[in-house]
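Please keep the sequence and the coordinates at hand while reading.

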Amino acid sequence: MTPRQRRVTLVVGILAGVSIAGALALSAFRENVMFFFDPSQVAAGEAPIDKRFRLGGMVRPGSVDRQAGSLELQFVVTDFQQDVPVRYSGVVPDLFRENQGVVAHGRLGTDGIFVADEILAKHDENYMPPEVARAIKDKHGGVMPANPDLRSVPET
Amino acid sequence: MGWAWFHRFGSPPHLYRLAGTLTPWFAWPAAILIVGALYLGLFVAPPDYQQGDGFRIIYVHAPSAWLAVMIYAVMAIAAGVGLIWRMKVAHAVAVSCAGVGAWFTAVSLVTGMLWGKPMWGTYWVWDPRLTAQLVLLFLFLGYMGLRSGIEDLGRADRASAVLALVGVINLPIIRYSVEWWNSIHQAPSVMKMDQPSMPMEMLAPLLMMLLGFSLYFGAVLLVRVRAEILRRERSAAWIREVLS
């Protein structure tokens, strides 16, 4: 082997080594790196019930219940399989709204209500102007579909 | 012909002159594209139906994040070429990437935090995507730190090149973090096989900005490579000819 071939082997070896090590580490961490648990995982007992954890899903339409004159808030987080009711007191982010992604941080009480001390909104990857959003919603009975087809909308 | 062109790149005076000639061809289009994309993105593109005008930070955030990853890839390739072919100018290219890459990474992190506060409700969470991008910043900084800790230029080149290659593992993690794990960061809108999740009037300034940032990186890289070559070859005879 010439010195250069030896150096090629070295570089390929480094890349292969870290790739294998990375792949093994990531598959081992797979569960632990999860930023949040969805309601189905909570129902299946996969979430750490005795500790603080993050619950993520969609805000079920029509479930948001605000107490007038206070920051008290109740709503239901759903993944369209299972529901978890959430109670929270405080200011919610701009993007917190019905049928939007949400991540709540807190504890699951014995009464089955998740008491959150932090609410984060999760945005999806779809961007569009308001007129287009209105047109798409009109076509789908007032609800934004999960994968809106932006080509189907006439230019405004 | 054969490999002659490749070996000519290895000649410091040749690359020095070539970089000097090419710089304006990158810098001017970059300036025009960035100014144009800023105007289109900030004034012409319509507001988003949910985020309003707040979404416009994407025109700086997303291209910076893409550039950060791209610059790391360029740095690692240059470092690998430098290791394999013992090519000094390849190491000079790798060195010149690190600072620019670190800045683009920092810009992507800061703009993301500024957007995250009003939209998500927090500046920072230890989310897979956010954490991987922070690791990228530390890789750039670690690369520079390692170099400055080694006196001998040849040893610094080789040691930092190995570090750059090891860090390549972070690039697919950044890209796929939002798909492998539950993440608060949204899935890719543009860099995906499917059609982009954005209408053309919003997408065009974004792609313009990506091209503008890429050309800007090219221009800065060329200037920095020239400076790095001057530094490395300061006792060579050809430098005196060039500078006189």
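## Chain A

Chain A contains three helices and six strands, where helices (H or I, at least four residues) and strands (E, at least two) are DSSP runs numbered from the N terminus. Along the sequence, these elements follow the pattern α-α-β-β-β-β-β-β-α. The radius of gyration of chain A is 22 Å, well over the 15 Å that the globule rule gives for 156 residues, so chain A is more spread out than a compact globule. This radius is taken over C-alpha atoms, and the globule rule is 2.2 Å times the number of residues to the power 0.38. The C-alpha trace of chain A spans about 80 × 50 × 25 Å along its principal axes.

This is a predicted model, in which local features need pLDDT of at least 70, side-chain atom pairs count only at pLDDT 80 or more, and totals for chains, interfaces and linings use all residues. Residues are numbered from 1 along each chain as its sequence is written, while chains are lettered from A and ligands numbered from 1 in the order in which they are written.

The predictor's confidence in each residue is its pLDDT, from 0 to 100. For chain A the mean pLDDT is 83, and 92% of the residues reach 70 or more. Within chain A, confidence is highest in strand 4 (residues 83-89), at a mean of 92, and lowest in helix 3 (residues 130-139), at 81.

## Chain B

Chain B has nine helices and zero strands, which read along the sequence as α-α-α-α-α-α-α-α-α. A compact globule of 244 residues would have a radius of gyration near 18 Å, and the 20 Å of chain B agrees with this. Taken along the principal axes, the C-alpha atoms of chain B fill a box of roughly 60 × 35 × 30 Å. The mean pLDDT of chain B is 92, and 99% of its residues reach 70 or more.

Two packed helices are described by the angle between their axes and the distance between the axes. Here axes are lines fitted to C-alpha atoms, for helices over the stretch in contact, and angles run from 0 to 180 degrees between N-to-C directions.

| Helix pair in chain B | Angle | Axis distance |
|---|---|---|
| Helix 3 (residues 58-85) and helix 8 (residues 200-232) | about 45° | 9 Å |
| Helix 5 (residues 128-149) and helix 7 (residues 170-180) | about 160° | 8 Å |
| Helix 4 and helix 5 | about 150° | 9 Å |

Helix 4 of chain B is roughly antiparallel to helix 5 of chain B. Angles under 35 degrees count as roughly parallel, over 145 as roughly antiparallel, 65 to 115 as roughly perpendicular and the rest as oblique. The crossing of helix 4 and helix 5 of chain B is left-handed; a crossing has this hand if the near helix is turned anticlockwise from the far one by less than a right angle, and is right-handed if clockwise. The contact of helix 4 with helix 5 in chain B comprises twelve nonpolar, five polar and one charged residues. In this classification Ala, Val, Leu, Ile, Met, Phe, Trp, Tyr, Cys and Pro count as nonpolar, Asp, Glu, Lys and Arg as charged, and the others, Gly among them, as polar.

Helix 5 and helix 7 of chain B are likewise roughly antiparallel to each other, and helix 5 of chain B passes helix 7 of chain B in a left-handed crossing. Their contact has eight nonpolar, three polar and one charged residues.

Helix 3 and helix 8 of chain B are oblique to each other, and their crossing is right-handed. Among the residues of helix 3 that take part are Trp66(B) and Leu67(B), while helix 8 contributes residues including Phe213(B) and Phe217(B). The residues of this contact divide into 13 nonpolar, two polar and no charged.

## The two chains together

In the model, 35 residues of chain B are in contact with 34 residues of chain A, contact meaning that the C-beta atoms of two residues, placed from the backbone, lie within 7 Å. On the side of chain B that touches chain A, helix 3, helix 4 (88-119) and helix 6 (153-166) of chain B each supply at least two residues. The largest share, four residues, comes from helix 3 of chain B. By class, this side of chain B has 24 nonpolar, nine polar and two charged residues. The model scores ipTM 0.79 and pTM 0.88.
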